[in-house]
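Opened a new page for this one. I want the fold written down before I do anything else with it.

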Amino acid sequence: MIDTSLAIAGLIVGIIALIPLYYQWRKTREITWHQIDKSTDKLFQQIRSNGERFDVLACTPNGGLIMADLIWSNHDRNCNILCINVEQKKIDLGDRVTVIDQSWSVPGNMKGKRVIILDDIIKTGGNVRSVIRYLVEDLGVRKSMIKVACLGKSKSTPAALVDYYAFEFEVPPRLPWKS
């Protein structure tokens, strides 16, 4: 009898823990491919209206790579794409360490190159900061030659981190490749 009571209590606690996630999920809007195309066009026009030209589109796998492909294939085929895998791993005492896995080849000497980092959604900016640090410290890109662009950024993301974005959000949207 005690085992059944504990199981029921555990189930109730689990359901209660899921309630905030359910409400956040309900507030989340889903973005369609059509909206992504329009947002990508808007993003590209922002970049071009400033007269920006880039030598390298840097991105992370998944959403960043999708963004790089959309920008490259629809707008700017004069850039190389550099995909940088950033993993946040927990180590002892809960500290986080960033691991960069450079599985793609670097497009030649990066010194003096103008780089734009592309991502789909930027919430905290941790991955973008890691990519910037990697480009500057390991590949020799000057920080002043790096810009950041994304489809959407959180309203809490530091304004100085993102140069171009199509929309802001409080609750991250659901994207087709993250379902």
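**Ground rules.** I'm working with a predicted model, where local features need pLDDT of at least 70, side-chain atom pairs count only at pLDDT 80 or more, and totals for chains, interfaces and linings use all residues. Numbering starts from 1 along each chain as its sequence is written, and side-chain values use heavy atoms, with hydrogens and water left out.

**Make-up.** I looked up the secondary structure and got four helices and seven strands (DSSP runs numbered from the N terminus: H or I of at least four residues, E of at least two). Along the sequence I read α-α-β-α-β-β-β-β-α-β-β.

Five strands make an open, parallel sheet, ordered 2-1-5-6-7; strands pair if DSSP finds at least two bridges between them. Strand 2 (80-83) and strand 7 (164-169) each have a single partner strand, so one side of each lacks a neighbour in the sheet. I noted an average twist of 25° from one strand to the next (axes are lines fitted to C-alpha atoms, for helices over the stretch in contact; angles run from 0 to 180 degrees between N-to-C directions).

**Strands 1 and 5.** I found four bridges between strand 1 (residues 56-59) and strand 5 (residues 115-122). Ala58 has Ile117 as its bridge partner in strand 5.

**Helices.** Helix 3 (residues 63-74) lies across strand 1, strand 2, strand 5 and strand 6 (146-154), at about 125° to strand 5. Helix 4 (residues 126-137) lies across strand 1, strand 2, strand 5 and strand 6, at about 165° to strand 5. Contact here means heavy atoms within 4.5 Å.
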